[in-house]
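I open this notebook on a structure that is new to me.

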Amino acid sequence: MRENDVILQTVSKVAVFIILTFGVYLFLAGHHNPGGGFIGGLTLSSAFVLLYLAFDVETVNAGIPMDYKMVAATGVLISVFSGMGALLFGSAFLSQTFAYFDLPIFGKTELATVVLFESGIALGVVGVVVTIMISISEDV
Amino acid sequence: MNNILVFPMVLPIIVGVLLLFFRSNPNIQRWCSVLTMVVVFLISLWILEKVMNEGILRLDFGEWAPPFGITFVADAFAMLLVSTASLVSILCLLYAVFARDERREKFFLYPFLLLLVAGVNGAFLTGDLFNLFVCFEVMLLASYVLMTLGGEKKQLTEGIKYILINILSSWFFLLGIAYMYGTLGTLNLAQLSQRIAEAGQPPLLTTISILFLIVFSLKAGLVLYFWLPGSYGALPTAVSALFAALLTKVGVYALFRFFTLLFYHEPSITHTIIGLMAIVTMVGGSLGAIAYVDLSKIAAYNVVIAIGFILVGLASHNVEAIQGSIYYLIHDILVKGLLFLLIGTVIYLSGKTRFHQASGLITNYPLLGWIFLITILSLGGIPPFSGFAGKLLIGQGALGAGEYVLTAVAFLSSLFVLYSLLRIFLNMFWGETSIRTQNQIPLSKGMLAPCLVLAALTAGLGLGMDVVSPYVTEAAHVLMNPELYIEGALNNE
């Protein structure tokens, strides 16, 4: 039987962008409020999982040709190296710093190195969650 | 600030993850991982030397001062184990390189071996109870993958048991940590020690300590070793050697830390229980070692006996016995790696898993046979090999503590070790050869080399006792004087 999933697919196409935006918002909000790399990463990966549910694995893989295992690996590397970066400045492993900059559009903005660390975590979470989902779907 | 402390853990992680990108190139995978462990080994030797000169070193992650931040604390005991563990991993990796198990190599064998080592080194170095849990998990997760990698039926049956039992014990571990935090309000090991000393270790804390005793006994294979022989037998040679050398030893390390640094106020309860558990372990291990005819089972039960033997030192709880345990721990990491490499090689060469199915291997592979004999002598504690000093000191310490039964069982168990392995040697290596020269599988030099190096190390460690003894003395000194560790781990000058 051919499933009719027009509604799911149409809604997903819109919802995915809302979820992605929300994921990025949560990621950035995590600096001072609830959120952060892990939670942002989970939300982002839910967008990918929704795509895989609404369409089939081949279609999504053709649209987003990424090896999620490598995404996870990249994330871990970014996080570890951001921790190692502190060593170059003579501080302890995993030390973080921040400063205020005057950016053209945003005005006075706080930029923190911990964002690098957190983005690594977000990538790691996205990579792992999507890999798990795809592996489970292959099993069934 | 000593950023160097983080390298024994971070370097294997970085290289392990980087290697994920080189899946298609086995040579890069092989030699990068070996090279990494060589570098880690050299770094850890350097740190050990620094610890001897400057006292206990500490690294506060992100410059958060303890007890608020998390720390790595390197004392001589931890660094001795990190160095030995790294050394054995180099040799096991080398064996894996020459064993050429391409099916497993393609599915990230080396990255997971490196992550396993990272977890082990992290567990030795951390000065924080929760981080100890995290490092245990890093190590266990890697070991779950290595356990099932290859997907043979035997691996999967044993793997599911292994995973279930470890998840259960991790849950108990987490529960114990929650109890600790609930009662003492901190997870920094040094501060925990202070607070337990202030409270005088009331019965509640002793009960919590017994919960941790159960957790680490499961990991170390103390009494609760029922999972061990099956799962170690299902693994490929290099991985099983690394498991046998390292995994249980991390549990033993944790037991030593806990019952010398934290819960040392009620030895009549906790250390008596450890003594009883050691006896049960040695008796059970000895029975297993002589009951089975399967080579890998016999080797696995030898791991169990050694765990019991090392903990005799902890149960006796005096300087001599602890020194003996440290010697024996180092010896055992080396020689158990060697034993499992040899057993794996013998099974590979003869194609037989039971010892009466082959004979006369020494005519086919003379060098292998002699290395095997050295291993047996070393395991049995015969001088001049490395097992001797540890056995002697543990025996002296246990007698000094008046633990006569414990001493008797410990030395009887050594006889069982000798008997169980000599039986293999006499059956498999002596006698008329069962493999004709033209049919024999060639033994590559690369597979023999790690065994040879390990055998040389166990002989060298036995003969060069004077080189190691200052380190061991220092390690035992810190273990027996918790205030030194506390001073090193908490002072903010």
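I call a residue buried if 20 or more other C-beta atoms lie within 10 Å of its own, exposed if 12 or fewer, and partly exposed in between, with C-beta atoms placed from the backbone. Helices (H or I, at least four residues) and strands (E, at least two) are DSSP runs, numbered from the N terminus.

I note that the model is predicted: local features need pLDDT of at least 70, side-chain atom pairs count only at pLDDT 80 or more, and totals for chains, interfaces and linings use all residues. Residues are numbered from 1 along each chain as its sequence is written, while chains are lettered from A and ligands numbered from 1 in the order in which they are written.

**Entry: helix H9 of chain B**

I looked up H9(B), which covers residues 203-220. Its 18 residues reach 25 Å from first C-alpha to last, close to the 26 Å expected (1.5 Å times one less than the number of residues). Among its buried residues I found B:Leu205, B:Ile208, B:Phe212, B:Phe216 and B:Lys219. The buried residues pack against H7, H8, H11, H12 and H13 of chain B. I count two residues as in contact if their C-beta atoms, placed from the backbone, lie within 7 Å. After H9(B) comes B:Gly221, with a positive phi near 80°.

**Entry: H9 against H11**

How far apart are the axes of H9(B) and H11(B)? I read 7 Å, with a packing angle of about 160°. Axes are lines fitted to C-alpha atoms, for helices over the stretch in contact, and angles run from 0 to 180 degrees between N-to-C directions. H9(B) is therefore roughly antiparallel to H11(B). Angles under 35 degrees count as roughly parallel, over 145 as roughly antiparallel, 65 to 115 as roughly perpendicular and the rest as oblique. On the H9(B) side, the contact is made by B:Ser209, B:Phe212, B:Phe216, B:Lys219 and B:Ala220. On the H11(B) side I noted several residues, including B:Val250, B:Leu255 and B:Phe258. By class, this contact has 8 nonpolar, 3 polar and 1 charged residues. Ala, Val, Leu, Ile, Met, Phe, Trp, Tyr, Cys and Pro count as nonpolar, Asp, Glu, Lys and Arg as charged, and the others, Gly among them, as polar.

**Entry: H13 against H18**

I then turned to H13(B) and H18(B), whose axes lie 10 Å apart at about 160°. These two helices are therefore roughly antiparallel. Among the residues that meet are B:Ile298, B:Asn302 and B:Phe309 in H13(B) and B:Leu406, B:Ser413 and B:Phe416 in H18(B). The contact of H13(B) with H18(B) divides into 11 nonpolar, 4 polar and no charged residues.

Most residues other than glycine have a negative phi, and most peptide bonds are trans. I looked for exceptions. The bond from B:Pro66 to B:Pro67 is cis, with omega near 5°. B:Pro67 sits in the loop between strands E1 and E2 of chain B. The bond from B:Pro383 to B:Pro384 is also cis, with omega near 10°. B:Pro384 lies in the loop between H16 and H17 of chain B. B:Arg100 is not a glycine, yet has a positive phi of about 50°. I found B:Arg100 in the loop between H3 and H4 of chain B. It counts as partly exposed because 14 C-beta neighbours lie inside 10 Å.
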